[in-house]
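I opened the model to look up a few points. My entries follow the display.

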Amino acid sequence: MSGRGMNLTLKIWRQPNAKAKGRFETYRLGNVSPDMSFLEMLDVLNEQLIQQGDEPIAFDHDCREGICGMCSLMINGQAHGPDRETTTCQLHMRRFHDGDTIVIEPWRANAFPVVRDLVVDRSAFDRIISAGGFVSVNAGNAQDANCLPVPKRDQDKAMDAAACIGCGACVAACKNASAMLFVSAKVSQLALLPQGKPERDRRVLKMVATMDQEGFGSCTNTSECEAACPAGISVSNIARLNREYLHAVLLSDETGEAAKPDGGA
Amino acid sequence: MFQVADSILDGHVPGGPVAQMWDSHKSDLKLVSPNNKRKYDVIVVGTGLAGASAAASLAELGYSVKAFCFQDSPRRAHSIAAQGGINAAKNYPNDGDSVWRLFYDTVKGGDYRAREGNVYRLAQVSANIIDQCVAQGVPFARDYGGLLANRTFGGSLVSRTFYARGQTGQQLLLGAYSSLMRQVGTGKVKLFARREMLELIIVDGIARGIVVRNLATGQFETHTAHAVVLCTGGYGNVFYLSTNAKGCNVTAAWRCHRRGAYFANPCFTQIHPTCIPVSGHYQSKLTLMSESLRNDGRVWVPKSPTDKRPPHEVPDEDRDYYLERRYPAYGNMVPRDVASRAAKERCDAGYGVGSSGMAVYLDFSHAIKRDGVDVIKAKYGNLFHMYEKITAENPYQVPMRIYPAVHYTMGGLWVDYNLQSSIPGLYVLGEANFSDHGANRLGASALMQGLADGYFVIPYTVGDHLAKNGTKLKPVPEDHPSVQAALGEAKSRVDKLLSINGSRTVDSIHRELGQIMWGRCGMARNATGLKQAVDEIRALRDVFWTQVKVPGSGEALNQNLEHAGRVADFLEFGELLALYALHREESCGGHFREEHQDEQNEAKRDDQNFCYVGAWEWTGTGQPPVLHREPLQFVEVPLTTRSYK
């Protein structure tokens with residue numbers, strides 16, 4: 001641990017509940033170690049607030065190792081802060097300087113309403129997966145795992161897409177609050193694998209319909225989502241999603257029912 | 001301090017040869033007809049590997065399932081953070097693996113403190129798990145021929161670990177989550193996220209429901225069902241610093257314990273050898289570096305305690321590769337408990353590295369020279385990235401500094417062969433139960449157990465309970481006295497936490513508890529320290545209930561209040577852990593009593609006196625609990641001293 005503690009000014013969004021009007025509060029925090037994680041810095045601030053008799057700042061977090069996707073935060077206008085391919089919990093204070101002012105906000109999107117302070121409701125993502133982000137195979141149905149070889153290249157690309165942690169940074173970074181990167185990651189993973197083929201058309205139609213219904217915007221084609229993604233999900237997945245969607249609309253015999261978010265279940 | 005029951009606890013392990021046990025037991029289990037399944041409600045608490053797979057599988061069978069998790073989405077459960085892999089007896093590499101060998105390795109790795117019957121079943125269904133996951137689209141690593149790849153994990157001489165880069169837990173959980181969400185879509189599962197279980201509802205001696213608090217609104221809810229399946233993970237956070245997620249807790253299990261469920265082997269805790277060392281007093285958690293790294297990384301310290309040269313300047317002849325020296329047969333791949341104690345031994349003797357002296361090197365320079373950077377990057381890239389993020393050091397250039405940290409808990413609620421607790425109708429799966437890993441879990445076996453329990457055991461055993469008791473289980477109305485009593489208790493505890501308004505923060509008390517636990521019940525334990533731990537925990541519990549400060553109200557999202565409830569339960573549970581460590585006068589697996597070691601500092605087990613599962617019955621806060629014993633029989637794998645030399 002080094003002795004160079006930083007003094008910071010923090011402007012943090014406070015909002016008691018979904019219906020209340022929110023506003024920025026300013027806090028000063030001294031002696032911040034550069035080896036702290038960003039969330040540990042907020043822990044220290046919260047301990048001080050509790051000692052003063054104030055309510056601590058609510059923020060979502062859990063694993064603190066960059067994989068659960070629960071942490072969020074717009075930090076100085078950037079989803080998960082300034083580092084590429086890094087979640088807020090893996091962002092460290094050595095990235096900031098003594099005297100910095102840091103603005104901290106929740107994800108901003110109609111489909112992600114604020115629950116409290118920096119906590120938002122991302123259950124729309126669960127509903128999109130529920131519409132089609134799966135292979136329909138009951139426990140006990142499966143045949144031997146090696147009976148279906150998968151080319152290593154396809155498997156690697158599927159894994160790249162499957163690495164999505166569902167944090168919602170792509171939505172928060174997009175000026176249209178589009179969920180295309182999130183949806184495309186799951187569609188791509190399953191489209192690339194032979195196990196996903198039987199439900200390929202139905203999956204993409206239902207997931208896209210649900211995405212629209214949940215109030216996410218349309219794609220801007222500006223790739224802000226990829227730049228903000230802590231899991232390194234590429235926008236080439238969006239291109240694959242568009243191909244899958246076109247294929248399903250033009251060439252498949254899935255009925256119109258499948259294109260309704262809750263139709264044809 | 002406690003009483004010992006005379007009667008023998010029965011694990012209901014079926015008789016006969018272990019290889020036929022599960023098959024013949026399945027034919028004895030009663031079935032519920034397909035048309036009747038929808039009439040039965042099953043509550044599943046927790047949505048990690050065990051919970052998500054159980055909820056999905058039960059819904060696929062036709063049961064009406066309600067699934068609960070405290071996170072904002074079931075996909076966040078901490079199974080997601082498992083890195084290295086999942087074991088299965090597929091023998092794809094043709095290197096001599098078999099169901100029997102996986103069974104043998106697990107019993108031996110657990111230092112002969114697990115039930116043979118359970119472990120054999122685990123090894124048997126392990127292959128089905130891989131099939132199921134591949135069918136779901138889990139992108140396991142493959143070779144150029146398109147077939148599945150394997151790596152080696154500790155405590156084994158074969159390669160049986162399947163993996164998806166360094167994110168195996170994530171991929172398996174997302175597979176189970178996708179199956180769960182498919183059932184949510186069909187309406188067979190009702191999902192309740194941001195709910196924390198605070199009480200178990202028991203009617204006529206049978207588990208019939210739960211009380212939860214909606215964490216977003218603060219509202220209490222009661223849910224009733226015909227069976228309750230608890231999949232709520234381990235209690236590693238009793239140590240404050242651990243590799244667990246911040247939210248991991250013992251509350252659901254502890255609330256069931258207080259209502260009559262026995263708690264088994266609480267002192268069997270796993271300290272993982274390769275974690276990033278503590279860097280400061282503000283540290284909120286510890287990060288694991290996967291055991292798979294030991295496939296290519298070599299662990300060492302300088303041969304001289306005064307050698308302060310940077311690691312790359314220390315020539316090979318001045319390095320002590322102490323695992324390879326002490327355990328030539330297994331080398332760096334010894335089980336976790338052995339590797340952790342060896343690291344502690346070197347650091348305590350003054351050979352540790354880094355500014356604190358509480359770290360050893362995990363060095364990839366040989367592997368990088370042998371295989372090239374690209375090969376190492378493909379295998380471990382995300383782990384190296386994570387290491388660099390946290391420490392600001394590049395592990396491709398300098399060795400990692402690592403030290404052991406609390407990681408997994410083998411102990412948990414006691415269950416019988418059917419995974420039913422001592423409360424009828426309450427089933428416990430995954431890390432939350434005690435059943436399969438004895439006193440030490442082998443790497444890549446937690447994912448295996450969670451999914452085995454959820455996909456392939458509970459669908460059979462819960463049906464037996466419902467078929468036998470179904471007609472007796474009348475609907476439980478919301479105004480039933482048992483429901484109201486449980487609800488009242490949950491509410492009054494929350495009110496009490498909010499009303500103390502003292503001067504100590506919840507986090508400061510949790511940290512203090514962690515220091516007691518790590519100092520006295522950590523990698524090495526002795527009678528004096530454990531007795532002190534019991535006294536100190538009791539004193540700290542009094543401090544908590546008189547001086548804790550929880551701001552805000554119970555009628556909204558209040559994360560501090562959630563934390564307070566969990567710490568309150570850890571303060572009761574920690575005492576039981578210490579008490580059991582004191583009682584178990586032997587060293588086995590992760591439980592190392594300094595009084596019981598041989599001349600080479602290896603653990604000395606006492607099979608004469610301690611070859612049993614210890615299951616505790618609650619008698620009241622501060623009251624002496626009752627210890628029940630379930631003797632363990634080793635027929636297939638005869639009791640011997642565990643050796644990895």
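I counted secondary structure in chain A: eight helices and seven strands. Here helices (H or I, at least four residues) and strands (E, at least two) are DSSP runs, numbered from the N terminus. I note that this is a predicted model, where local features need pLDDT of at least 70, side-chain atom pairs count only at pLDDT 80 or more, and totals for chains, interfaces and linings use all residues. Residues are numbered from 1 along each chain as its sequence is written, with chains lettered from A and ligands numbered from 1 in the order in which they are written.

I looked up the extent of chain A. Its C-alpha trace spans about 65 × 40 × 40 Å along the principal axes.

I checked burial next. Of the 265 residues in chain A, 54% are buried (20 or more other C-beta atoms within 10 Å of the residue's own, C-beta atoms being placed from the backbone).

I turned to chain B and helix α16(B), residues 559–583. From first C-alpha to last, its 25 residues reach 36 Å, close to the 36 Å expected at 1.5 Å a residue (1.5 Å times one less than the number of residues). I found 23 of the 25 residues of α16(B) buried, so the helix is largely enclosed by the rest of the structure.

I then traced strand β21(B), residues 612–617. Strand β11(B), residues 263–264, runs antiparallel to β21(B) and is joined to it by two bridges; strands pair if DSSP finds at least two bridges between them. Six bridges join β21(B) to β22(B), residues 626–631, also antiparallel.

Which residues flank Trp616(B)? I see Phe263(B) opposite Trp616(B), and Leu627(B) as its bridge partner in β22(B).

Conventions:
A residue is buried if 20 or more other C-beta atoms lie within 10 Å of its own, exposed if 12 or fewer, and partly exposed in between; C-beta atoms are placed from the backbone.
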